[in-house]
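Here are my notes on this one, as numbered points. Have the coordinates open while you read.

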Amino acid sequence: MKIKVPKLTFWGFVFWIIVALGIYSTILRFTKGLGAATNLSDNFPWGLWIGFDVLCGVGLAAGGFVIAAAVYIFNLEEYKSILPSAILTAFLGYLLVIVALLYDLGKPWNIWHPIIMWNPESVMFEVAWCVMLYTTVLALEFSPMLFQKLRLEKPQKIIKSLTIPLVVAGVILSTLHQSSLGSLYLIVPEKLHPIWYSSNLPYLFFLSAVAVGPAMVTIESYLSSRAFKREIEIHILAKLAKVTAVALMVYFVLKVEDIVNYKLFPHIFSLGYESLMFWLEFAIGVIVPIALLTNSKIRGSKKGLFVAQLITVLGFILNRLNVSITGLENYTQAGYFPKWTEISVTLFIVALGFAAFRLIAKHLPVFPPEVEERKIIAEGFEVIPIREVFKD
Amino acid sequence: MKYGILVDITRCIGCYACEEACAERWGNPITEEHRLSAIQNTAVEDHDGIYVPRLCMHCEKPTCASVCPVGAFQKTKLGPVVYDPLKCLGCRYCIQACPFNVPKYQWNKLNPKVTKCDMCYERIQKGGVPACVEACPAEARTFGTREELIEEAKRRINENPETYYPHIFGLKEAGGTSILYLADRPLNKLGFKVNLPEVPLSHFTEQIMSKIPNYIFWGGTLLFGIWWITKRRDEVQRLQKKLKEMEENNKKGNGK
């Protein structure tokens with residue numbers, strides 16, 4: 001018998017460093033409190049964990065509902081091959097958002113309180129309910145992969161019969177809370193910098209989520225095609241890039257409307273920290289992606305598409321950080337930069353996401369088999385015959 | 001009956017008796033910080049020699065109560081806005097949203113609470129007055145019903161127009177507050193915000209939140225509708241294809 005010594009790759013090394021630091025920061029957070037583990041203060045109560053882990057986490061997981069809607073509501077069968085991985089990415093994304101909330105909440109053991117203690121007037125209450133319900137929807141949408149592996153046919157059938165109501169609920173819940181994350185900031189008109197404060201915030205948040213969802217699916221497909229050495233579905237991803245481009249164009253129009261309505265010209269053309277951050281965000285989050293993604297040559301090339309969508313994602317992240325941090329810093333005059341332990345927890349959570357995706361993709365039928373073993377049965381549902389997939 | 005406090009900045013002498021009475025009421029240590037914090041629910045700020053007592057404004061339509069996902073804040077019938085730490089999950093949206101920057105947080109505790117003035121709710125319920133009002137030797141804080149206090153404020157402005165800047169702060173700011181301020185100059189020169197709207201801040205989220213039930217109904221109907229149409233279109237296409245094949249087969253059959 002051969003004994004295998006696992007090779008430690010560069011990324012493996014980075015992973016374990018992040019895990020080690022993450023465990024240290026976790027212990028610090030839960031033994032010494034938020035004050036010791038973060039740079040948060042009464043003047044700046046929401047930091048990186050809300051700005052990145054929650055606002056970006058939820059947005060980047062939008063691919064799940066966008067692809068599910070394309071496949072089941074709009075009946076675009078071709079996207080079916082990337083649906084399981086998009087659902088898995090979304091499901092893990094939401095679970096990680098909940099993990100991040102457990103770090104950020106002062107009393108994480110009360111996280112379930114919105115279930116029985118209601119305040120329907122609160123945007124946060126609505127977000128809490130939508131995230132709870134949508135995570136449940138994602139768990140159900142993900143469950144067939146598990147049932148397939150376990151060869152449980154009956155529950156698989158039950159879930160399949162619920163597909164359409166589940167997808168419709170998923171789309172509605174996503175629309176609501178993706179936009180509501182923007183609505184959270186509607187109540188601070190006198191604190192948030194005018195460049196970002198707008199009654200359009202919920203619509204801007206929703207549109208950018210619709211744009212970034214497919215971008216994340218593309219990046220995830222690209223990376224897993226390299227990790228699992230499988231062909232990339234370039235023609236599907238190229239089509240999907242049009243969704244990103246169109247959503248960003250609408251976003252562009254709404255933002256221009258804001259600039260005109262709120263008379264932002266003096267703000268955006270002044271040479272300040274905020275205006276520079278705004279232009280950076282607007283360039284890499286909106287203008288450059290539109291320019292690149294409307295070019296069919298770039299859309300058709302693996303690398304080009306990957307780079308273009310990566311820029312979309314980076315611009316999206318910058319936008320969320322600008323709304324949640326840059327736009328509020330000036331007002332508080334306290335200045336905020338996350339403590340290293342905050343950054344370390346964020347990296348830890350992202351690393352856990354990557355590891356979990358890898359593990360699940362290895363063991364469950366997340367990617368369709370390369371060999372054309374798929375059959376189309378009546379009603380247009382595509383199923384992968386279990387025994388054929390797992391016969392080896 | 002809604003109670004409130006009229007704070008007359010022109011009368012405050014900066015003796016900090018209110019701070020001490022408040023610290024005693026909450027069991028907090030005495031500090032020399034003189035600013036609102038997790039251990040100071042009232043504080044006398046020094047703005048270039050002018051003493052400005054600060055405390056929770058006890059808004060008529062409180063932003064904290066509107067944003068709290070679990071309803072840990074309540075506007076009571078007697079006027080005070082009170083906080084229930086047992087409901088709180090520590091999301092700190094109240095701290096983020098309060099237009100007067102009042103709620104503070106126990107950042108270094110493992111079971112942290114939001115801290116703020118509750119207008120000595122227990123004492124008021126028993127017919128008493130808040131500790132800070134009782135302790136003030138200069139009568140800079142007057143306790144009474146909001147209506148009485150507004151009349152009193154107007155009377156003071158009318159009787160001493162040279163002393164007072166003719167504006168009752170809290171009458172309309174953020175939809176009105178139970179704590180009212182009088183001063184000899186605009187309050188924005190004394191650390192208060194100028195850009196507060198006259199409507200409660202919850203107005204801005206209500207506009208969008210009220211659309212949700214309608215959205216769920218119409219959105220759901222629309223999505224099911226699109227699903228039905230696209231599915232039907234596919235079925236029709238498939239049947240047409242089949243029909244064509246059958247026709248071709250028939251032709252072939254006839255040809256033979």
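How many salt bridges does a search of the whole structure find over all chains?

1. The search gives 20 salt bridges over all chains, taking a salt bridge as a side-chain nitrogen of Lys or Arg within 4 Å of a carboxyl oxygen of Asp or Glu. Keep in mind that this is a predicted model, where local features need pLDDT of at least 70, side-chain atom pairs count only at pLDDT 80 or more, and totals for chains, interfaces and linings use all residues. Residues are numbered from 1 along each chain as its sequence is written, chains are lettered from A in the order in which they are written, and side-chain values use heavy atoms, with hydrogens and water left out.

2. Three salt bridges run between chain A and chain B. Lys61(B) and Glu121(A) pair through their side chains at 2.6 Å, N to O. Arg92(B) also bridges to Asp104(A), with the closest N and O atoms 3.0 Å apart. That pair joins two chains, because Arg92(B) sits in the loop between β5 (81-83) and α3 (93-97) of chain B while Asp104(A) belongs to helix α5 of chain A. Helices (H or I, at least four residues) and strands (E, at least two) are DSSP runs, numbered from the N terminus.

3. On to the interface itself. Chain A puts 60 residues into the contact and chain B 57, contact meaning heavy atoms within 4.5 Å. The buried area is about 5,000 Å², with carbon and sulfur atoms giving 61%; this is the accessible area (1.4 Å probe) lost on putting the two parts together, summed over both. On the chain A side, Asp42(A), Lys107(A) and Ile187(A) lose the most area to chain B, together 14% of what that side buries.

4. There are 26 residue pairs in polar contact between chain A and chain B, both residues at pLDDT 80 or more. Here a polar contact is a pair of N or O atoms within 3.5 Å; within protein, one must be able to donate a hydrogen and the other to accept it, and residues adjacent in sequence count only if both atoms are side-chain atoms. Elements giving two or more residues to the side of chain A that touches chain B include α1 (10-32), α6 (123-150) and α8 (163-183) of chain A. The biggest giver is α8(A), with eight residues.
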